[in-house]
Amino acid sequence: MCGIVGAAAERNVVGILLEGLQRLEYRGYDSAGLTVMNADQHIKRYRAVGKVQALKDTCHAAAPVGTIGIAHTRWATHGKPTQNNAHPHLSCEAVSLVHNGIIENHEALRQELTEQGYHFESETDTEVMAHLIHHLVAACGDFRQGVSEALTRLEGAYAIAVQHRDFPDRLIGARQGSPLVVGLGIGENFIASDPQALRPVTDRFIYLEEGELVELTRSEVSIFGGRETSVASRAVTLDSRDDAADKGAFRHFMLKEIYEQPKAIRNTLQGRIGKTTILSQAFGVEAGLLFEQAESVQIVACGTSYYSGLVARYWVEALTGLTCQVEIASEWRYRTVAVAPNTLFMTLSQSGETADTLAALRQSKSLGYLGSLCICNVPNSSLVRESDLSLMTEAGTEIGVASTKAFTTQLADLLMFAMALGKYHGLTPELESELVQALHDLPMRLEETLEINEQVKAWAEQFTNKDHALFLGRGLHYPIAMEGALKLKEISYIHAEGYPAGELKHGPLALVDEQMPVVCVAPTDELLEKVKSNLQEVAARGGALYVFTDHQADFSDFSDTQVIILPPLHPMVAPIAILFCRCNCSPTMGKRSDVLLEI
Ligand code: M6R
């Protein structure tokens, strides 16, 4: 994912820009660059492929000085990760622009601008914006007006920061579909795609709304195109605890965040469960009415958040008797959906800025849903701001690109949601109290689970030379198997698939042999015997089995099978702890993992 930083100050901003980029490294990127306006009013550009350190080295050698500038980390979408494709993109040495997102009509614009005499030096969709802004500013003589006109020509998603040689004291930023914040300093102002980038220079931020444009100098910030409220009244002050960009003694952020899970779950449960009951008020004042009226639930999300939605379907249907459908946001938003009466629309997202999920929420508003509820980890995100109800995951900032604590806290929220909804739809006080007790025990169980770390590491070693792996589960644990496979793919670059264990015999069993490790989630529940017979099929084909289970289950008659015993867990709560230990195994597994893990 790309990152943006911009600064207008009285001091040299190069250090601020580089530090900002370094703090955005966790998002993943392949090249970086910056421009600053020097004392002679020339825009100076520096770019490097690879780490921000490479850009730092370049800047160190050139020692640029400038009091206004923009910077970017690029994750290639159009064109390879080369220096020419790295941002900022320039137009006629006068305009410099950085961009997050994708411009869908870039080809048509490129043709139009080429016909007007503009020369393109990159393969990106971004460069068209630099030329378009140059063209329109030249036509009207006004920086902001030119940028505004350019934005009306764009189709797609963007957050941009742009500077212009002829307007040397200001930066312009705008967002549509990608986040952008303004950082307010004393005698200096900033812009970034994520407040983390600016934590060393300010703790006061304004989150731009969709469609807004900001014009900032070192002494002034003006916002256009949105709510008619004063800039000062929109500023929020972030707590110092929100600065998570320090990995402490851990080798990488993902590992740190794995170890933060017991605390994150504790924080997520806090104030939401009483001794024996779930506190529905935690979902907001209108929650009671919505939950009472709800006759079905539609969940929409992407990636890991989609998998947590799939677990929630089991909980919602079992605890409320209401239908619960779950769909990937990028599919849901592009089809004609039939909405059953009184359906509650739910989105799940760590960031609250995922474009497809956000677009789905917006689309849902005209489709007659009962109301919208989001479960999210970022309080000021677009998803939270635009949903009727929201429930935070209290995981703290998740720096690692691979979700860990955000997922497990999402699951905790979702179980609480299913219980809160269940209270209006037949959940008995006895079952409610039993589940609340299981939730109270959960942080402690997760701490115990951390103790299997060495066993998990030993398993991980055995995966090092494998090219494929199969993850199996049934019922509540099928989505957990899919999430496990996603984690392995994402972190180690080993191909992995998650499958419902009962489906194995309908095709994928053909792939199983001595070279195919098969990981299975098999705690004691009503499906355990069925899972065991599925695993016998794997054993018969010589597949090496790795089973997560508990003391009550017996796998002693399985050949070539390794077992990790988890602490005793309530069957309904088990997916949260099992995923937790699955996350644990990923960071040490991969032969190709270092690329990601050193970030
Ligand atoms: O921020 P979101 O939860 O909306 O992000 C959706 C996915 O991109 C995300 O869950 C992704 O699949 C995970 N980070 C992978 O570990």
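Select Arg175, Glu210, Glu353, Arg362 and Glu386 to begin: these residues are linked in a network of salt bridges, a salt bridge being a side-chain nitrogen of Lys or Arg within 4 Å of a carboxyl oxygen of Asp or Glu. The model is predicted, so local features need pLDDT of at least 70 and side-chain atom pairs count only at pLDDT 80 or more, while totals for chains, interfaces and linings use all residues. Residues are numbered from 1 along each chain as its sequence is written, and side-chain values use heavy atoms, with hydrogens and water left out.

**Stop one: a pair within the network**

Keep arginine 175 and glutamate 353 selected. They form a salt bridge whose closest N and O atoms are 3.5 Å apart. Distant parts of the chain are linked here: arginine 175 belongs to strand β8 (residues 171-176), and glutamate 353 to the loop between β17 (343-349) and α12 (355-364), 178 residues apart. Helices (H or I, at least four residues) and strands (E, at least two) are DSSP runs, numbered from the N terminus. Arginine 175 and glutamate 353 are both buried; buried means under 20% relative accessible area, exposed over 50%, and partly exposed in between (1.4 Å probe, protein chains only).

Next, select glutamate 260 and lysine 405, whose side chains meet in a salt bridge at 2.7 Å, N to O. Glutamate 260 lies in the loop between α7 (253-259) and α8 (261-269), and lysine 405 in helix α14 (residues 405-422); this pair links distant parts of the chain, 145 residues apart. Lysine 405 counts as buried because its relative accessibility is 3%.

Move to arginine 272 and aspartate 413, where the side chains meet in a salt bridge of 3.2 Å, N to O. Arginine 272 is in the loop between α8 and α9 (287-293) and aspartate 413 is in helix α14, so the pair ties together parts that are 141 residues apart in sequence. Both of these residues, arginine 272 and aspartate 413, are buried. Across the whole structure, a search finds 28 salt bridges.

**Stop four: two cysteines**

How many disulfides does the structure hold? It holds zero, a disulfide being a pair of cysteine sulfur atoms within 2.5 Å. Cysteine 374 is in no disulfide, and the nearest cysteine sulfur, that of cysteine 376, is 5.2 Å away. Cysteine 376 is likewise in no disulfide, its nearest cysteine sulfur being that of cysteine 374. Cysteine 374 counts as buried at 0% relative accessibility, and cysteine 376 is buried with a relative accessible area of 0%.
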